[in-house]
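Subject: Structure for your attention

Dear colleague,

Please find below a structure that I am handing over to you. After it, I set out what was found.

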Amino acid sequence: MNLYVHFPFCRSRCSYCSLYSRAGSAPAARAEYVESLRVELESLIHNPTRSNTDTTPTPNTLYFGGGSPALCDLSPLRAPLKQWKTGQTCFPLFEFTVELHPLDVTPAKLDELKSIGVNRISMGVQSLDDATLRAMGRGYTASDASRAFALVKSRFDNAGIDLILGYPGDPTTKNPDTLLAPLASWGLRHCSVYSLQNERALKNVPDDETVLDGIKSAARFLKSIGLERYEISNYAAPGFECRHNLAVWRGEDYVGLGEGACGRVGLTRTRNWWGQTPQNPNKHCGSTTSIETVSEKEDLKERTLFRLRTRDGIDSSRFPEWRPTLDRFVAEGLLTKIDESTYRLTERGTEVCDAILEELV
């Protein structure tokens with residue numbers, strides 16, 4: 001079982017973000033939220049049916065995402081997490097990730113994270129251009145981010161960052177080799193590079209070809225500093241791939257706790273709406289969970305298709321009807337055929353993966 005816990009709290013909303021957020025919430029609201037998560041975690045430990053097992057569920061991976069989880073005092077979660085740690089027979093292999101905003105990074109916060117079992121950090125840097133960071137509303141400079149990451153590395157070797165390409169006016173998109181060069185000395189174990197999803201209708205967004213060219217250049221740079229692409233948007237040093245995200249892409253079950261979190265357990269799909277609806281994504285007035293049950297065939301199809309995003313590729317042996325389409329994509333240079341039934345994206349294929357998946361679905 002893999003567990004994702006969502007924290008929707010932010011200091012302020014970034015200019016590019018359209019996700020559900022409780023930006024600017026008071027400390028009391030954050031404390032109340034953590035307490036609700038503590039109850040949920042205790043319930044999950046003592047109610048194994050929640051994770052579709054017959055024994056107390058022990059997570060293989062645990063991921064605290066956001067938002068900014070570190071805006072909360074996480075120490076109340078130490079007790080339920082310790083119960084899992086005690087039950088984990090191979091705890092050194094357990095991956096516990098927390099996402100951090102550079103302004104979250106202090107020695108005290110890092111020590112708190114260590115104390116609850118965190119062993120992997122993902123820090124959202126987004127850009128190394130100061131003007132872009134100001135326009136995004138991130139609240140720090142590239143130098144601030146560099147110092148924050150150095151402090152993270154002093155406590156956590158397994159640490160990486162997120163970047164966004166395609167923000168209006170960000171010179172990184174057109175010249176990533178130069179703008180990202182300082183990262184060579186950061187000691188990155190992981191880097192995610194995402195293209196801007198312009199859901200807030202920002203003006204002067206670069207065209208798709210410019211962004212794709214920027215991602216290609218960024219990929220070459222990251223490879224030059226030892227980070228290999230293992231998923232469309234993710235690069236890692238050997239052995240430092242994010243196991244939580246790989247578990248999701250490889251079709252494993254995961255439970256989602258907290259506002260806006262999704263889950264997949266067996267044939268059941270869940271999404272937690274916290275006073276939200278798709279029409280009212282920022283309203284906060286209570287908790288509901290939508291539940292969908294899919295057929296066994298749809299479940300297998302979903303779990304199989306997700307793998308196409310990774311360097312594993314997909315095994316089409318259970319879906320022979322896909323073969324003509326997959327072979328056509330091979331002829332078009334979008335896929336490579338590894339063996340009789342396994343197909344993997346080419347570099348060009350990573351740019352149009354969604355279109356490939358749409359045809360297979």
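**Backbone features**

Alanine 201 is exposed, with a relative accessibility of 59% (exposed means over 50% relative accessible area, buried under 20% and partly exposed in between, with a 1.4 Å probe and protein chains only). Please note that this is a predicted model, in which local features need pLDDT of at least 70 and side-chain atom pairs count only at pLDDT 80 or more, while totals for chains, interfaces and linings use all residues. Residues are numbered from 1 along each chain as its sequence is written, and side-chain values use heavy atoms, with hydrogens and water left out.

Alanine 201 lies in the loop between β6 (190-195) and α7 (helices, H or I, have at least four residues and strands, E, at least two; both are DSSP runs numbered from the N terminus). Although alanine 201 is not a glycine, its phi is positive, at about 55°. Most residues other than glycine have a negative phi, and most peptide bonds are trans. Glutamine 126, also not a glycine, has a positive phi of about 75°. This glutamine 126 belongs to strand β4 (residues 120-126) and counts as buried because its relative accessibility is 10%. The peptide bond from glycine 66 to glycine 67 is cis, with omega near 15°. Glycine 67 is placed in the loop between β2 (61-66) and α2 (78-87).

β14 and β15 form a hairpin with four residues between them, and they pair in the antiparallel sense over three bridges (two strands pair if DSSP finds at least two bridges between them). Strand β13 (residues 314-315) also pairs with β15 in the antiparallel sense, over two bridges. Tyrosine 343 in β15 is the bridge partner of lysine 337 and of isoleucine 314.

Serine 341 lies in the loop between β14 (335-337) and β15 (342-345). With a relative accessibility of 13%, serine 341 is buried. Apart from neighbours within four places in sequence, serine 341 is in contact with Ile314, Asp315, Ser316, Ser317 and Arg323 (contact means heavy atoms within 4.5 Å).

**The second largest pocket**

The second largest pocket holds about 340 Å³ of space. Its lining has 20 residues, of which Arg229, Tyr230, Tyr235, Glu347 and Thr350 lie nearest the centre. At least two lining residues come from each of α7 (208-224), β7 (228-231), β15 and α11 (347-351). A pocket is an open set of points on a 1 Å grid over the protein atoms alone, where a 1.4 Å probe fits, with protein on both sides within 12 Å along at least five of seven lines; lining residues have an atom within 4 Å of a point. The volume is the space filled by probe spheres set on the points, which are joined across faces, edges and corners.

**Cysteines**

How many disulfides does a search of the whole structure find? The search finds zero (a disulfide is a pair of cysteine sulfur atoms within 2.5 Å). Cysteine 72 is in no disulfide either, the nearest cysteine sulfur being that of cysteine 10, 10 Å away. Cysteine 10 is buried, at 18% relative accessible area, and cysteine 72 is buried at 1% relative accessibility.
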